[in-house]
Amino acid sequence: MQLVILCGGLGTRLKSISGNLPKGLLPFNKKPFMDYLLAEVNKFSPSSLHFCLGYKSDLYLKYISNLKISCNVTFSIEEESNLLGTGGAIKNAISYLNENFILQYGDSILKIDYSKFFSYHLSTNNPMTMSVMASNLGDEKPNSYCFYENENLCCIYNKKEIPQNANYIDYGAIAFQKKLFDQFPKNKFDLSELQTSLSLNKKASFFNVNTPYIEIGNSSSYSKANSILD
């Protein structure tokens, strides 16, 4: 089970707090946020970790060089002057990716059973599996309309045109088949473009999670995380 972590964004919504530090390296009780993220991931013994880097990659490289974990660790780097978007970052890392992998963002600690999630993805044979959570369990606005059909969870995800009856939140862990990115024609794009297309064309599976995540995407969620992490 390979985990790919997106860490290359500019983090503009948190600039007033982060200054020159990337979000994933912001300290919480004298430990970088990434320490907490990896502690959660390591409970499920991933076979490898890959970091997609861009903004302040030199700071992440220093952090990665000091990691004391047993699995294989690799990284890919985008130019800060030409960031490729969340989807382009994955294409940029294509040579490091397993045939199936889990993607997540570097500013979120997910309370998901990664092993069950990955096994479910493999069992469906769909090119993508998204994790989702009922909107009443979190603070964010719902961005997906999900319903059960023949005992399977089905969703319509559209980040740009959110369904009026949206009732679920994109939880943040996404499992992909590598061939999706081999075949995608663009080199610079937002991952949501691919997610929406697969969702609307019924080529995606969905995995329900019932435990809220911790994220530091903005000043409000940063303050909340600061009160939780120890």
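A disulfide is a pair of cysteine sulfur atoms within 2.5 Å, and in this predicted model such a link joins Cys 146 to Cys 155, with an S to S distance of 2.1 Å. A search of the whole structure finds one disulfide. The points below begin with the cysteines and then turn to the nonpolar cores, the aromatic rings, a histidine and a helix.

**Cysteines**

- In general terms, a disulfide is a covalent bond between the sulfur atoms of two cysteines.
- The link of Cys 146 and Cys 155 is right-handed, with 110 degrees about the S-S bond, and both Cys 146 and Cys 155 are buried.

**Nonpolar cores**

- In soluble globular proteins, nonpolar side chains tend to be buried together.
- The largest nonpolar core holds 39 residues, and the members that touch the most other members are Phe 28, Met 34, Phe 51 and Ile 112.
- At least two residues of this core come from each of β1 (2–6), α2 (33–42), β4 (48–53), α3 (57–65), α5 (114–124), β11 (168–177) and α8 (219–228), and the largest share, six residues, is supplied by α2.
- Once its neighbours within four places in sequence are left aside, Met 34 is in contact with Ile 5, Cys 7, Gly 24, Phe 51, Tyr 60, Tyr 63 and Gly 106.
- A second, separate core has 29 residues, among them Leu 180, Leu 191, Leu 198 and Ala 204.

**Aromatic rings**

- The structure holds ten aromatic pairs, and in one of them the rings of Phe 101 and Phe 181 have their centres 6.1 Å apart and their planes at 40 degrees, so the pair is tilted.
- Because Phe 101 lies in strand β6 (residues 100–105) and Phe 181 in helix α6 (residues 179–183), this pair ties together parts that are 80 residues apart in sequence.
- Phe 101 and Phe 181 form one aromatic cluster together with Phe 176.
- Elsewhere, Lys 31 lies over the face of Tyr 36, at 4.5 Å from the ring centre.

**His 121**

- His 121 is found in helix α5, and this residue is buried, with a relative accessible area of 1%.
- The side chains of His 121 and Thr 129 are joined by a polar contact of 2.8 Å.
- Leaving aside neighbours within four places in sequence, His 121 is in contact with Asn 100, Asn 126, Pro 127, Met 128, Thr 129, Ala 175, Phe 176 and Gln 177.

**Helix α4**

- In helix α4 (residues 85–92), the residues Gly 87, Gly 88, Ala 89, Ile 90 and Lys 91 are buried.
- Against which elements do the buried residues of α4 pack? They pack against strands β1, β4 and β6, and also against helices α6 and α7 (191–200).

Definitions and conventions. Residues numbered from 1 in each chain as written. Predicted model: local features only at pLDDT ≥ 70, side-chain atom pairs only at ≥ 80, totals over all residues. Heavy atoms only, no water. Core = buried A, V, L, I, M, F, W, Y, C linked by side-chain atoms within 4.5 Å. Buried < 20%, exposed > 50% of the residue type's maximum accessible area, 1.4 Å probe, protein only. Helix = DSSP H or I, 4+ residues; strand = E, 2+ residues; numbered from the N terminus. Contact = heavy atoms within 4.5 Å. Phe/Tyr/Trp six-rings, centres within 6.5 Å; stacked < 30°, edge-to-face > 60°. Lys NZ or Arg CZ within 6 Å of the ring centre and 35° of its normal. Polar contact = N/O pair within 3.5 Å; in protein donor to acceptor, adjacent residues only side chain to side chain.
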